[in-house]
Amino acid sequence: MDTSRRNLLFGRKPQVPPEPRPPWASSNFIDRCTRCGDCVSVCPTQIIKVGDAGFPTVDFSHGECTFCGDCTSACTPKALEQSTDTPWALQASITDRCLALHGVECRICGEACDERAIHFQLAIGKVAQPQLITEQCTGCGACLAPCPSNSIHILELMA
Ligand code: SF4
Ligand code: SF4
Ligand code: SF4
């Protein structure tokens, strides 16, 4: 039985992950955001897109967040407000499609990461294996687009 039919039968909502919001989204983002699109227009790396119901979301498939703060400055209703040091709860995750996990030498994600959050661990009889140093990952997304096997996901950490 497919998942949507099972959810229908058992009365559960489908488990759709929420769209990631631009950095420094306020806790009442949906109430404050007027869907004006100003953050979409100003983002120099063009990672802010119009998402579900016209609310802005981020898409790292062609760029990264440099945490420049331009989107927060442009947001007059303060749906994005640079009030804390932590811009969001996003973090990279390396999936099992990773080439290095399948014996192919590749360190592209590590080279893309300015934070040095991806280390390559030497292992006997294997090519060096990637390891994410979670404390150093800012969720900037710079490692996602360069990955030749689309192995990097940027996920929202659950509170
Ligand atoms: S902080 Fe800068 S790079 Fe990041 S989403 Fe906002 S405008 Fe774009
Ligand atoms: S600038 Fe602010 S109010 Fe306008 S779409 Fe972006 S988050 Fe929403
Ligand atoms: S999301 Fe950014 S900080 Fe995290 S591993 Fe990728 S490039 Fe490094």
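Guide: Happy to! Helices (H or I, at least four residues) and strands (E, at least two) are DSSP runs, numbered from the N terminus. With that in hand, K78 lies in the loop between α4 (70-74) and β3 (90-94).

Visitor: Where does this model come from, and how is everything numbered?

Guide: This is a predicted model, in which local features need pLDDT of at least 70 and side-chain atom pairs count only at pLDDT 80 or more, while totals for chains, interfaces and linings use all residues. Residues are numbered from 1 along each chain as its sequence is written, chains are lettered from A and ligands numbered from 1 in the order in which they are written, and side-chain values use heavy atoms, leaving out hydrogens and water.

Visitor: Back to K78, what is its phi like?

Guide: Phi of K78 is near 60°, a positive value in a residue other than glycine.

Visitor: And is K78 buried or exposed, or partly exposed?

Guide: K78 is partly exposed, at 43% relative accessibility. Buried means under 20% relative accessible area, exposed over 50%, and partly exposed in between (1.4 Å probe, protein chains only).

Visitor: Which other residue has a positive phi although it is not a glycine?

Guide: Q46 does, with a phi of about 55°. You'll find Q46 in the loop between α3 (38-42) and β1 (48-50), and Q46 is exposed, with a relative accessible area of 57%.

Visitor: How many helices and strands does the protein have?

Guide: There are 5 helices and 6 strands. Starting at the N terminus, the order is α-α-α-β-β-α-β-α-β-β-β.

Visitor: How much of the protein is buried?

Guide: Buried residues make up 36% of the 159 residues.

Visitor: And what about its surface?

Guide: The protein exposes about 10100 Å², and carbon and sulfur atoms supply 52% of that. Those areas come from the Shrake-Rupley method with a 1.4 Å probe; for residues, only the protein chains shown count as cover.

Visitor: New topic: which residues are closest to ligand 1?

Guide: The closest are C43, C65, C68, G69 and C71, out of 13 residues that surround ligand 1. A residue is near a molecule if one of its heavy atoms lies within 4 Å of it. The shell around ligand 1 divides into 9 nonpolar, 3 polar and 1 charged. Here Ala, Val, Leu, Ile, Met, Phe, Trp, Tyr, Cys and Pro count as nonpolar, Asp, Glu, Lys and Arg as charged, and the others, Gly among them, as polar.

Visitor: Tell me about C65, then. Where is C65 found?

Guide: C65 is in the loop between β2 (56-58) and α4, and C65 is buried, with a relative accessible area of 9%.

Visitor: What does C65 touch?

Guide: Not counting residues up to four places away in sequence, C65 touches P23, I47, F60, W88 and C140. A contact means heavy atoms within 4.5 Å. C65 and I47 are 18 residues apart in sequence, and their C-alpha atoms are 7.1 Å apart in space.

Visitor: Which residues come nearest to ligand 2?

Guide: C33, C36, G37, C39 and C75 come nearest, among the 13 residues around ligand 2. That shell has 9 nonpolar, 2 polar and 2 charged residues.

Visitor: And ligand 3?

Guide: For ligand 3, C113, C137, C140, G141 and C143 come nearest, of 14 residues around it. The shell of ligand 3 divides into 10 nonpolar, 3 polar and 1 charged.
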